[in-house]
Amino acid sequence: MTDFVCTKTGRRFGDDQPRWRSDAGALLDLDFEAIIDDEAFAARPPGMWRYREALPLPADAPVASFNEGFTPLIETELDGRLISVKLDYLFPSGSYKDRGASLLISRLAAWGVDHVVEDSSGNAGAAIATYCALAGIACEIYVPQGTSSAKTAQLRAVGAEVVEVPGDRAATEAATLSRVEESGAFYASHVWNPHFLHGTKTFLYELREQCGWDLPDAIVLPAGHGTLLLGCALALEELRCAGRIDRLPKLFAVQSAACDPLTRAFEAHDDEPATITPQPTMAEGIAIARPHRGAQMLRAVGASGGAFLSVTDEEITSALTDVRRCGLYVEPTSAAAIAGLRRLFGQNLIGPEDSVATVLTGHGLKSPPKK
Ligand SMILES: *Cc1c(COP(=O)(O)O)cnc(C)c1O
């Protein structure tokens with residue numbers, strides 16, 4: 001049995017019908033018991049769907065999948081320290097967001113949804129559009145006017161309709177919601193739909209398996225809306241409940257100093273994201289001024305004993321250059337995690353004996369240099 005649970009009132013809703021928010025207009029989580037059978041998982045072909053019983057999709061529902069996932073975990077040196085890096089830019093649409101899209105679109109197809117709307121000019125939009133193409137679902141992606149043609153080209157190429165909205169991200173979100181109301185299309189938001197987070201949690205399941213069914217002492221992730229961070233927190237909670245892990249890794253979440261409502265809240269010991277005025281940053285993928293699940297993100301990081309931290313564009317540039325020189329051609333946002341890791345080493349927040357894993361989230365071919 002899977003239920004939606006309202007994060008504000010605790011009210012439950014059956015999952016027999018599509019739904020992306022509660023009747024109180026609040027975010028939904030899922031009450032779902034993951035079945036964790038390591039032996040069965042390990043015997044299957046590599047990919048995120050080897051964890052099928054740990055994913056909230058009815059057993060008889062077809063899966064919208066390109067056999068993606070089980071991305072390589074490599075060991076490399078950073079500033080003289082050995083680190084593990086998961087290459088999550090190696091997905092069909094070019095980012096780890098395919099994990100969330102594969103599960104969410106599978107769930108929507110099983111409900112019979114045939115038309116979705118999503119707002120994201122970046123990797124979330126590309127992932128949703130890609131899996132809609134696979135599942136035969138009509139897809140409209142709302143983007144802020146002026147979004148680079150490199151980004152909208154991918155959306156259009158896989159068959160999505162791109163709608164440009166004048167104004168900022170908030171204006172795009174408002175236009176998306178009006179479109180959802182007027183058209184009856186489903187809002188396939190990577191932030192609102194909890195199924196997306198259950199898809200991204202496969203990152204952690206894979207990491208655990210690739211680390212010999214163990215976990216590193218610290219995990220360093222880039223964070224904007226927190227889809228990867230919250231997916232990891234979900235997986236850790238499931239593994240803990242199933243008695244598979246007795247110690248939780250520390251979660252470190254890296255933001256851009258130009259747009260860091262969560263680092264500011266974390267440092268002020270607040271439980272809601274700070275109100276900020278975002279400045280431009282090269283880490284576009286994590287430049288989220290108002291993260292809807294911010295309170296959940298702060299709780300997840302706090303409970304793990306980790307921290308939020310912010311890095312400047314100069315630090316990101318330097319990390320990006322170094323990572324690319326290793327042959328890892330990633331997009332600038334991805335390098336924020338590496339810059340954050342450097343800072344954590346420098347400040348001794350990750351000790352010399354601690355094992356550490358991080359992730360490269362988005363492919364470099366998507367964001368060609370501006371000049
Ligand atoms: C989406 C994304 C992230 C993480 O963003 P969240 O908003 O926290 O989910 C990190 N890197 C890249 C390249 C992304 O596209």
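Begin by selecting the ligand together with Thr361: in this predicted model, an N or O atom in the side chain of Thr361 lies 2.7 Å from a nitrogen atom of the ligand. With the ligand still selected, consider its surface. Alone, the ligand would expose 380 Å², and 98% of that area is buried by the protein.

A polar atom in the side chain of Lys97 is found 2.8 Å from an oxygen atom of the ligand.

Now widen the view to the whole shell. The ligand is surrounded by 16 residues, and the closest are Lys97, Asn123, His225, Gly226 and Thr227. Colour this shell by class: nine of its residues are polar, five are nonpolar and two are charged.

The tour then moves to the second largest pocket, which holds about 660 Å³ of space. To find its centre, select Leu230, Ala233, Leu234, Glu237 and Glu238, the closest to that point among the 26 lining residues.

Which helix gives the most to the lining of this pocket? Select H8, which contributes eight residues; this helix spans 227-241. Further elements to display are strand S3 (28-31), helix H6 (194-200) and helix H10 (294-304), each of which supplies at least two lining residues.

Finally, colour the pocket lining by class. Here 16 residues are nonpolar, seven are charged and three are polar.

Methods
Residues numbered from 1 in each chain as written. Predicted model: local features only at pLDDT ≥ 70, side-chain atom pairs only at ≥ 80, totals over all residues. Heavy atoms only, no water. 1 Å grid on protein atoms, 1.4 Å probe; cavity = no way out; pocket = protein on both sides within 12 Å on 5 of 7 lines; lining within 4 Å. Points joined across faces, edges and corners; volume = space filled by probe spheres on them. Helix = DSSP H or I, 4+ residues; strand = E, 2+ residues; numbered from the N terminus. Nonpolar A, V, L, I, M, F, W, Y, C, P; charged D, E, K, R; others polar. Near = heavy atom within 4 Å. Polar contact = N/O pair within 3.5 Å; in protein donor to acceptor, adjacent residues only side chain to side chain. Areas by Shrake-Rupley, 256 points an atom, 1.4 Å probe, with all protein chains shown as cover.
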